[in-house]
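Biologist: Please take a close look at the ligand site in this model. I would like one connected account of what surrounds the ligand and of the parts of the chain that lead up to that shell.

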Amino acid sequence: MQTKKIHTLIVGMGLAGVNYALQLHRNKREFLLFQNKKKVNASQNAAGILNPTILKRYTIAWQGTSFLQFAIDWYKKLELDWNIQLYFPFPIFRFFANDAEHNHWSVSAQSDILKPYLNADIFWDIPKGIQRNSGYGRVHKVGKLDIQLFLNTFEEKFSKASIRNEEFDYSALNITENGVVYNGISADHIVFCEGHRFNENPWFKVLPLIGSKGEYLEVKIPGLNPQIIYKGGHFIAPLYEDVFWVGATFNPKDKKNEPTKKGKDELVKKLENLIKLPYQILNHKIGIRPTVIDRRPILGTHPEFKRLHIFNGLGTRGGMMAPLLATQLYDWINKGKELSKEIDIHRFESYFCNPIV
Ligand SMILES: Cc1cc2nc3c(=O)[nH]c(=O)nc-3n(C[C@H](O)[C@H](O)[C@H](O)COP(=O)(O)OP(=O)(O)OC[C@H]3O[C@@H](n4cnc5c(N)ncnc54)[C@H](O)[C@@H]3O)c2cc1C
């Protein structure tokens with residue numbers, strides 16, 4: 001008896017894996033997704049801020065406008081399908097440390113690329129609980145995705161037939177001419193979406209993904225307005241009720257899955273620098289962002305094994321980038337539509353010839 005063949009196996013249930021699975025579902029293709037919930041996952045720890053601007057250097061993230069617009073439309077469509085709210089269009093208030101920053105803000109806000117997002121005015125109606133009094137700037141058309149709700153709802157909807165909560169065992173994968181076979185399950189394709197754990201993957205571990213640890217706090221701050229994303233040294237983003245996400249640190253060297261005292265000290269210092277309300281730290285957590293040496297995502301097909309694909313390198317803005325990239329990867333694998341050179345795995349083809357293992 002011939003067993004049924006699935007269209008795609010997916011490894012990893014972060015923003016990459018889930019957005020790709022939804023892309024398959026929308027196109028009526030069957031998938032089976034493997035996820036090890038016991039390991040650290042970047043997506044479950046992200047703030048979910050969807051923001052194309054870079055507020056340190058006052059510029060726009062690579063392709064920020066296209067990614068943001070696509071992502072908002074995509075999540076809004078899911079909201080209708082799932083009957084829940086995933087995206088919250090909260091403004092970002094960028095608090096200045098001193099008056100000298102005003103000019104920089106006003107000039108940047110009038111540049112063509114930032115004009116759609118930055119209001120050039122300096123605001124003085126300092127929200128309750130903020131102690132900086134040098135004014136603030138407003139970023140609009142940005143917001144927050146409830147990533148935990150997004151991932152949990154996906155799991156709820158698909159767990160019965162399409163998700164396996166188990167570690168994917170690479171040694172059990174057989175690559176055939178027309179696809180792959182994993183523990184008796186045949187599929188046309190496999191897409192690896194492992195985030196920073198890509199380095200356990202025997203076929204793709206040669207790629208120059210780095211991984212950058214981010215530490216953050218979950219803090220109860222009664223009295224702080226939960227409809228604003230605050231930006232001083234770090235971000236303070238609303239999570240639920242009086243609880244806020246405060247972070248994050250950025251460390252490409254430390255790969256340990258534990259929070260550090262140094263990280264906590266930095267976060268507390270920046271928090272106290274911005275707010276004057278009493279607070280209570282509920283949790284101190286970490287996530288590892290899948291960053292790439294050239295700061296671009298990595299998508300595409302293994303140079304030798306044409307049924308093996310990768311969707312990784314979402315870096316610091318996976319919430320915003322994953323929906324459009326998932327569409328582009330789908331179009332490449334299923335319709336042969338070329339990926340742009342900036343994201344295509346081909347740019348690292350030489351790594352496969354001289355692997356640094
Ligand atoms: C502290 C922090 C704050 C952030 N804030 C934001 C933000 O505000 N906005 C934003 O857009 N982005 C943010 N990001 C970035 C965002 O989280 C990442 O870009 C995104 O989550 C990466 O998603 P991913 O699916 O590639 O990886 P992950 O979320 O790490 O998912 C990969 C999954 O694959 C699983 N896996 C790997 N190997 C196997 C295997 N062999 N078997 C089974 N499962 C496996 C892993 O366990 C993991 O769960 C933040 C990141 C961090 C760390």
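**The ligand shell and its surroundings**

Modeller: The ligand lies between domain 1 (5–45 + 148–209 + 293–353) and domain 2 (90–147 + 211–289), because both domains give residues to the shell around it. The model is a predicted one.

The shell holds 42 residues, and the closest to the ligand are Gly-12, Gly-14, Gly-195, Gly-287 and Gly-318. Sorted by class, the shell has 17 nonpolar, 19 polar and 6 charged residues. Five elements each supply at least two residues of the shell: helix 1 (15–26), helix 2 (42–45), strand 14 (212–220), strand 18 (280–289) and helix 7 (318–335).

Take Gly-195, one of the closest residues. Gly-195 sits in the loop between strand 13 (185–192) and strand 14. With 28 other C-beta atoms within 10 Å, Gly-195 is buried, because 20 or more are enough for that class. Leaving out residues up to four places away in sequence, Gly-195 touches Gly-12, Gly-14, Asn-41, Ala-42, Pro-290 and Asn-312. Of these partners, Gly-12 and Gly-14 are also among the residues closest to the ligand. Pro-290 is 95 residues from Gly-195 along the chain, yet their C-alpha atoms are separated by 5.2 Å.

The contact between them takes 13 residues from domain 1 and 11 residues from domain 2. On the side of domain 1 that touches domain 2, helix 2 and helix 5 (147–162) are the elements that give two or more residues. Helix 5 has the largest share of that side, 4 residues. By class, that side of domain 1 divides into 6 nonpolar, 7 polar and no charged residues.

Helix 7 has 18 residues and reaches 24 Å from its first C-alpha to its last, close to the 26 Å expected at 1.5 Å a residue. There is a kink of about 25 degrees in helix 7, centred on Leu-324. The buried residues of helix 7 are Gly-318, Gly-319, Met-320, Met-321, Ala-322, Pro-323, Leu-325, Ala-326, Gln-328, Leu-329, Tyr-330 and Ile-333. Among them is Gly-318, which also belongs to the residues closest to the ligand. After helix 7 comes Gly-336, with a positive phi near 70 degrees.

The buried residues in question are Gly-64, Phe-67, Leu-68, Phe-70, Ala-71, Trp-74 and Tyr-75. The 19 residues of helix 3 should span 27 Å at 1.5 Å a residue, and its end C-alpha atoms are 26 Å apart, so the two agree.

Most residues other than glycine have a negative phi, and most peptide bonds are trans. In the loop between strand 5 and helix 3, Gln-63 has a positive phi, near 55 degrees. Gln-63 counts as partly exposed because it has 18 C-beta neighbours inside 10 Å. In the loop between helix 3 and strand 6, Asn-83 has a positive phi near 60 degrees. Asn-83 has 8 other C-beta atoms within 10 Å and is therefore exposed. A backbone feature of another kind is the peptide bond from Gly-247 to Ala-248, which is cis, with omega near 0 degrees. Ala-248 is found in the loop between strand 17 (243–247) and helix 6 (261–274).

Pro-303 lies in the loop between strand 19 (298–301) and strand 20 (308–312). Pro-303 is partly exposed, with 15 other C-beta atoms within 10 Å, whereas Gly-195 is buried. Apart from neighbours within four places in sequence, Pro-303 is in contact with Glu-349 and Phe-352. Phe-352 is 49 residues from Pro-303 in sequence, with 7.9 Å from C-alpha to C-alpha.

Definitions and conventions
Residues are numbered from 1 along each chain as its sequence is written. This is a predicted model: local features need pLDDT of at least 70, side-chain atom pairs count only at pLDDT 80 or more; totals for chains, interfaces and linings use all residues. A residue is near a molecule or strand if its C-beta atom, placed from the backbone, lies within 6 Å of it. Ala, Val, Leu, Ile, Met, Phe, Trp, Tyr, Cys and Pro count as nonpolar, Asp, Glu, Lys and Arg as charged, and the others, Gly among them, as polar. Domain bounds come from an automatic or database domain assignment. The expected span of a helix is 1.5 Å times one less than its number of residues. The bend at a residue is the angle between axes fitted to the seven residues ending there and the seven starting there. A residue is buried if 20 or more other C-beta atoms lie within 10 Å of its own, exposed if 12 or fewer, and partly exposed in between; C-beta atoms are placed from the backbone. Two residues are in contact if their C-beta atoms, placed from the backbone, lie within 7 Å.
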